Amino acid sequence: MADSIIIIGGGVAGVSAAEELRKCGFNGNLTILNEERELPYDRPPLSKSYASGVLDEEELLLRPPEWYEDHKVRLCHERAARLLPHHRSIELAGGGLLRYDLLLLATGARARTPAGFESSSRILTLRNLADARRFRALLHHGQRLHLVGGGVIGMECAATAALAGCQVTVLEAGERIMERFVPPVISDVLATTHRRNAVTIRERFRVGSIAGNESGVVITGSGEVIETDWVLLGMGAKAEIGLAQAAGIAIEVGGIKVDGEGRTSEPGIFATGDCAAFPGPDGGKLIRWENWTHARDHARSVARAMLGDTCSYNGICWVWSNQYDFNVQVTGQSNAETVLLRGDQHQGPLTTLHLEGNRIVGAATVNNPHDKRALHQLVRARATISREILEDSSIPLSEIVRTLQ
Ligand SMILES: Cc1cc2nc3c(=O)[nH]c(=O)nc-3n(C[C@H](O)[C@H](O)[C@H](O)COP(=O)(O)OP(=O)(O)OC[C@H]3O[C@@H](n4cnc5c(N)ncnc54)[C@H](O)[C@@H]3O)c2cc1C
């Protein structure tokens with residue numbers, strides 16, 4: 001068995017892996033190497049309850065401070081600068097070398113920015129706590145905020161800023177907001193609510209350039225020049241693969257390529273969470289997911305594999321978003337050739353079922369968390385059930401699931 005395991009990255013994947021290693025009896029040296037100064041914290045509240053002031057920083061912690069000592073997990077606040085796989089060592093940015101027997105890369109992702117982008121104090125991204133502190137500080141009544149990108153983070157920030165009294169505009173290049181995340185009917189429900197909260201949403205807006213100085217920001221695009229106080233870029237994320245790539249580890253679909261147990265192409269090195277491209281449920285095609293539940297569950301599964309367990313990961317995609325009073329949850333494919341609706345899009349909770357041919361490949365809910373368990377089972381089973389039954393919301397999904405057994 002290995003004497004020493006190092007995990008690079010102290011997000012939910014890194015911390016969950018450390019916890020699982022201890023739970024499964026690993027007694028050797030265990031280090032989490034994390035470049036951020038803070039104790040490991042949770043990211044989902046950064047755009048929601050932390051930004052709005054409902055949660056404070058200490059409420060974001062993934063584990064209480066004493067957990068690290070209690071579990072003999074050494075937390076080292078340093079950046080890993082280079083991997084030396086042949087020496088099973090890591091070069092630290094501040095100088096020094098750490099040796100490992102097994103290494104887990106849980107380096108996460110970073111915010112995507114446009115080509116040629118130059119940072120400015122008034123142009124923000126939102127990936128870490130330092131970014132969130134800046135975002136939270138600008139949320140004053142009357143501030144003009146333009147969000148570039150109407151994806152999940154963009155729309156969550158739009159809701160938070162609108163509720164704080166900012167003048168919010170969303171510039172979305174596509175046809176509708178949250179296009180990659182939910183089917184059109186749910187985009188419509190959310191867009192209507194945003195507009196009711198005085199958020200301006202401009203679809204099919206192509207941003208050309210963004211330039212900021214101490215007093216404001218100028219955006220050009222779609223034949224216009226827009227002046228604003230702040231810009232937040234919500235253009236998605238890119239896996240943090242630099243360390244692995246420089247060490248010659250195989251990269252695919254923008255992530256660190258791993259097998260079903262989390263092994264990279266380099267012996268003794270594993271990868272997990274947002275940074276890893278793993279064999280997905282769709283016939284083992286490599287895929288990368290950026291969501292909290294996957295990061296936690298994949299990390300636990302890879303941790304067990306590092307200790308010799310041979311079970312492959314078989315997680316299913318599950319993402320949520322909170323905007324105003326809406327809780328949206330999505331499982332499996334967020335879109336498909338047929339989308340069936342259960343419920344009324346104009347009022348109350350609703351659920352959508354996403355079908356390829358006759359098979360359920362995904363589902364989404366709005367304020368309908370009770371359906372979560374049943375949807376999970378239907379999607380995992382890729383169930384084939386008649387459309388009439390699925391659309392009949394008088395038949396509970398739990399009853400439909402029972403017919404599968
Ligand atoms: C604002 C925001 C809101 C979100 N909301 C939701 C949500 O509502 N629902 C949902 O399902 N998901 C949400 N997500 C996504 C979810 O948080 C991520 O999928 C999850 O955090 C991924 O965890 P991770 O551990 O793989 O990576 P990360 O959380 O990114 O952690 C990686 C860590 O590694 C560190 N690191 C990287 N390189 C090095 C290095 N060379 N040396 C040392 N340390 C390094 C990074 O600084 C970082 O701390 C949200 C993300 C953000 C940013």
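1. Helices (H or I, at least four residues) and strands (E, at least two) are DSSP runs numbered from the N terminus. This is a predicted model, in which local features need pLDDT of at least 70 and side-chain atom pairs count only at pLDDT 80 or more, while totals for chains, interfaces and linings use all residues. Residues are numbered from 1 along each chain as its sequence is written.

2. A198 is found in the loop between α5 (184-196) and β12, and has a positive phi of about 70 degrees although it is not a glycine. With 11 other C-beta atoms within 10 Å, A198 counts as exposed (12 or fewer such atoms, C-beta atoms being placed from the backbone; 20 or more is buried, and in between is partly exposed).

3. K72, in the loop between α2 (65-70) and β3 (73-76), is likewise not a glycine and has a positive phi of about 50 degrees; K72 is partly exposed, because 13 other C-beta atoms lie within 10 Å.

4. An open sheet of 5 strands runs in the order β9-β16-β10-β11-β12, with parallel pairing (strands pair if DSSP finds at least two bridges between them). β9 (123-124) and β12 (200-202) stand at the edges with a single partner strand each, so one side of each is left without a neighbour in the sheet. For β9, 2 bridges join it to the parallel strand β16 (residues 230-233), where L232 is the bridge partner of L124.

5. Around the ligand there are 36 residues, the closest being G9, G11, A13, G108 and G273 (near means a C-beta atom, placed from the backbone, within 6 Å).
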